Protein chains: 2
Amino acid sequence: MRLLQALSKFAASKSLIRNVRAAFSQTPLTSDTYKVERGNYGEIASEDISIFKDIVGCSHVVTDPSDLEGNNIDWLKTVRGQSKLMVKPKSTKEVSEILKHCNERNLAVCPQGGNTGLVGGSVPVFDEVILSTQRMNKIISIDPISGVLVCQAGCILETANKDLAGHGLIAPLDLGAKGSCHLGGNISTNAGGLRLLRYGSLRGTVLGVEAVLSDGAVLDCLSTLRKDNTGYDLKQLMIGSEGTLGVVTALSILCPQKPASVNVAFLGVESFEKVLKIQQCARKDLGEILSAVEFMDSECMRNVTHHLNMTNPIADCPFYILIETSGSNASHDEEKLGRFLEEVMDAGIADDGTLATDYTKMEAIWGLRERMAEAMLHDGYNFKYDFSLPTDKMYDLVRASREHLKGICKSVVGYGHLGDGNLHLNITCEKYSRDIHSAVEPFVYEWTSRHKGSVSAEHGLGFKKRQYMAYTKSKEEIMMMKKIKQLFDPKGILNPYKMLPDNF
Amino acid sequence: MRLLQALSKFAASKSLIRNVRAAFSQTPLTSDTYKVERGNYGEIASEDISIFKDIVGCSHVVTDPSDLEGNNIDWLKTVRGQSKLMVKPKSTKEVSEILKHCNERNLAVCPQGGNTGLVGGSVPVFDEVILSTQRMNKIISIDPISGVLVCQAGCILETANKDLAGHGLIAPLDLGAKGSCHLGGNISTNAGGLRLLRYGSLRGTVLGVEAVLSDGAVLDCLSTLRKDNTGYDLKQLMIGSEGTLGVVTALSILCPQKPASVNVAFLGVESFEKVLKIQQCARKDLGEILSAVEFMDSECMRNVTHHLNMTNPIADCPFYILIETSGSNASHDEEKLGRFLEEVMDAGIADDGTLATDYTKMEAIWGLRERMAEAMLHDGYNFKYDFSLPTDKMYDLVRASREHLKGICKSVVGYGHLGDGNLHLNITCEKYSRDIHSAVEPFVYEWTSRHKGSVSAEHGLGFKKRQYMAYTKSKEEIMMMKKIKQLFDPKGILNPYKMLPDNF
């Protein structure tokens with residue numbers, strides 16, 4: 001997710017724009033190339049538009065093609081839809097009325113939050129009605145005692161975070177896209193991000209969800225309770241279902257205390273086995289203050305220093321590991337981190353290292369990790385993957401890919417959230433070709449599948465990755481998902497062509 | 001859940017046994033009194049028994065009524081089933097074969113783990129086949145790097161915890177029943193317990209579940225990945241569904257580091273408002289090391305000191321609050337706790353307090369809280385409730401009940417997991433009567449419902465509480481749950497008469 005942050009910084013430079021365009025030129029922009037056919041949905045008529053105007057007001061129904069341009073294209077500009085209509089409700093009641101009408105008229109709907117998703121899940125494919133949550137941006141309550149935030153789905157993460165800071169709280173998730181992404185969208189994609197290692201996933205921190213179902217019924221699971229064992233936890237079906245089961249309209253989420261102290265250590269080690277040993281030491285010595293464990297290999301460092309003129313603050317090593325701590329007492333945290341560093345250096349686990357306690361140095365170290373994605377775009381055509389793997393297997397995939405693609409590709413690099421078992425595998429070549437593509441895929445998917453990994457750790461499947469679900473999920477699971485989809489949305493009007501694969 | 005621990009200590013004394021019997025004598029023991037009729041299931045024939053013997057081996061099919069006695073009665077001895085058959089499989093494959101046969105023959109099944117549940121969810125009601133997981137007790141793997149434990153459903157929590165300790169880990173949950181409860185049962189009931197404040201609920205810590213569905217199909221969601229966004233999270237439907245959607249056969253769970261240091265503070269304050277202020281200070285000052293925030297009122301203290309001859313270690317106060325810390329560095333933890341105590345004493349928020357850093361003193365303080373449930377059994381006939389409420393409303397229910405029941409009841413006391421918003425409301429009277437019962441209920445349920453609380457915070461609904469679901473869940477939610485039940489278990493053979501209410 002830091003990729004987004006890195007890319008937006010980088011977008012200012014012309015060279016990126018050129019490179020990104022070059023990459024995109026390899027990537028098809030319409031539904032045709034993805035071999036998808038329009039479902040048997042109704043077509044929007046002028047009567048429908050009148051009804052939508054009655055529901056939300058004339059100025060909140062958008063039909064001008066140029067005004068819809070940004071809503072028809074995903075953030076990465078890899079897919080383009082053909083919607084001619086966006087409706088912008090203000091309340092749950094309005095969402096309910098819109099969906100009730102769409103369901104009766106069999107009109108397909110694409111729910112859209114900040115449209116910052118990376119798998120084309122938040123843009124229409126054909127002429128779906130775009131249901132935007134951008135006007136649903138009210139903070140309903142913040143309880144400083146329980147730490148619970150309740151808000152509408154269209155609240156922007158960064159805005160909510162600012163309000164939370166006034167109460168000494170922070171959101172339990174942090175993403176590069178925080179300036180644009182909506183909390184409702186975060187829930188719909190089960191966003192991971194930078195704080196997952198410390199505060200856990202949204203499965204645990206989201207306490208309540210209000211969602212509107214395909215027929216307009218409001219499913220009110222907007223509890224603010226930390227414990228509730230009265231029946232099946234229906235909100236879990238809304239978390240991570242990418243708008244295919246319901247439209248999230250409001251949510252409540254448990255927010256931790258804002259840490260008083262943050263520190264970053266950067267270490268160099270000679271093998272991935274030692275990377276794992278450091279992680280283990282960090283868990284033991286830093287325990288409750290550990291907030292990030294990131295890693296990158298020497299190929300990453302070579303790319304980031306070469307392409308972006310950045311400086312490696314320590315000696316050249318085969319692997320690098322970034323450790324962040326966040327705690328409530330600065331001197332305690334520094335003492336713990338100091339002792340941890342001493343231990344790993346004395347035991348010869350780390351070969352070199354540096355500790356940053358001031359903001360500037362921390363930013364410089366984080367920059368090496370954050371700008372990795374950007375650096376790889378400079379290296380040629382870039383195949384990017386977001387895999388989840390058992391931690392001890394994470395780097396084996398990089399090694400296997402390097403071996404498999406010897407002489408075919410330029411760089412094969414591995415970096416990512418070691419603490420979460422989330423590997424960003426990047427493969428570059430001078431120029432895209434179908435042959436290289438076939439050498440890379442399905443090899444990387446098959447390898448990941450064989451080692452019980454996930455082909456999407458945190459980005460979801462959306463439109464672009466849905467056909468790969470079976471690399472991670474069994475036939476029984478996919479069949480059950482399709483039955484659940486049928487139960488919640490019998491006509492299939494909610495975010496069609498997303499998440500669920502065909503041919504099952 | 002500490003209730004269980006407290007009760008088992010207490011069970012040694014004759015006076016408890018007398019009291020418990022007195023209480024139980026008020027409580028009906030068979031399905032008749034709960035006005036439940038046997039579903040239209042098949043009856044077990046000798047051919048079925050032969051088939052079960054073929055699947056699991058002769059010695060693992062139990063038909064002797066005296067051997068089944070303990071499996072037909074719940075731990076609290078409040079409900080009694082009439083099962084004539086228990087099958088004890090060793091593997092997922094055997095569970096699958098058993099369920100396949102039961103589904104074909106339309107035989108009802110009651111999955112049973114350690115049978116420590118408090119709502120009659122784990123015992124049969126009529127002649128269901130008891131499917132026991134007691135032989136499925138294999139630890140499959142413990143990964144010290146990722147902290148992930150994978151095991152069969154029948155692993156006992158305490159046994160798993162001992163194995164984890166060898167790797168410097170602890171289970172993310174702790175219950176009084178740990179010596180008997182199965183991890184599969186913990187997942188099926190979404191057990192809360194003592195570590196929830198610190199490590200979060202099972203919704204976040206359980207990474208994978210393998211379950212067998214009603215028709216024998218194996219739903220393999222036994223991932224060990226921390227992140228996986230490839231489709232709906234089906235395992236969440238298994239967590240907390242009390243065996244009504246599938247039988248959990250294996251699981252993987254993320255385990256935290258074992259803390260090196262534990263401390264307990266006990267404070268007295270003059271109002272519930274100050275209790276809340278202390279909680280807020282604790283969150284701020286103790287941050288990442290805070291592991292429990294429990295409270296009790298002066299009526300609780302009066303009962304526990306009077307009935308159990310225990311000593312209040314501080315001055316008499318209207319409210320008491322217990323704060324526990326767990327961390328990786330003893331001197332840091334003690335310093336944080338010392339400063340927090342100084343702050344709340346100096347600001348006049350707490351009137352008196354004591355700090356325990358050694359095991360004996362900590363046990364004595366925890367004892368006051370843990371033995372509350374036991375103390376109340378000495379006070380007369382005891383109505384016990386396990387409510388979840390917004391933290392700032394928690395004590396209002398105790399006040400409202402006291403006002404409402406003035407002159408009718410003996411004691412109305414409130415204590416519980418303040419940090420989780422979990423109130424244990426206890427009401428006692430000299431002798432049970434229907435009139436008193438009608439004064440207490442539905443008053444307490446209605447009040448909880450009006451304030452958006454939950455009528456079951458952590459125990460689930462099981463057999464005894466299922467008709468109260470609508471006090472917490474909407475009609476739409478209940479209807480959706482029934483549809484999901486129908487989808488997963490069309491014949492309704494899995495744990496019938498449990499969790500889902502009639503009349504919806």
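Between chain B and chain A, 44 residue pairs are in polar contact, both residues at pLDDT 80 or more; a polar contact is a pair of N or O atoms within 3.5 Å, where within protein one must be able to donate a hydrogen and the other to accept it, and residues adjacent in sequence count only if both atoms are side-chain atoms. This is a predicted model, in which local features need pLDDT of at least 70, side-chain atom pairs count only at pLDDT 80 or more, and totals for chains, interfaces and linings use all residues. Residues are numbered from 1 along each chain as its sequence is written.

**Extent of the interface**
- In chain B, 89 residues are in contact (heavy atoms within 4.5 Å) with 88 residues of chain A.
- The two chains bury about 7,200 Å² between them, 55% of it on carbon and sulfur atoms; buried area is the accessible area (1.4 Å probe) that two parts lose on being put together, summed over both.
- Lys227(B), Asn229(B) and Tyr232(B) supply 15% of the area that chain B buries against chain A, more than any other three residues.

**Salt bridges**
- Eight salt bridges are counted between chain B and chain A, each a side-chain nitrogen of Lys or Arg within 4 Å of a carboxyl oxygen of Asp or Glu.
- Lys473(A) forms a salt bridge with Asp228(B), and their closest N and O atoms are 3.4 Å apart.

**Symmetry**
- Chain B is superposed on chain A by a rotation of 180° with 0.0 Å of shift along its axis (RMSD 0.0 Å), by least squares on the C-alpha atoms of residues with pLDDT of at least 70 in both.
- The two copies are therefore related as by a two-fold rotation axis.
- Gly204(B) has the C-alpha of chain B nearest the axis, 2.2 Å from it.

Methods
Chains are lettered from A and ligands numbered from 1 in the order in which they are written. Side-chain values use heavy atoms; hydrogens and water are left out.
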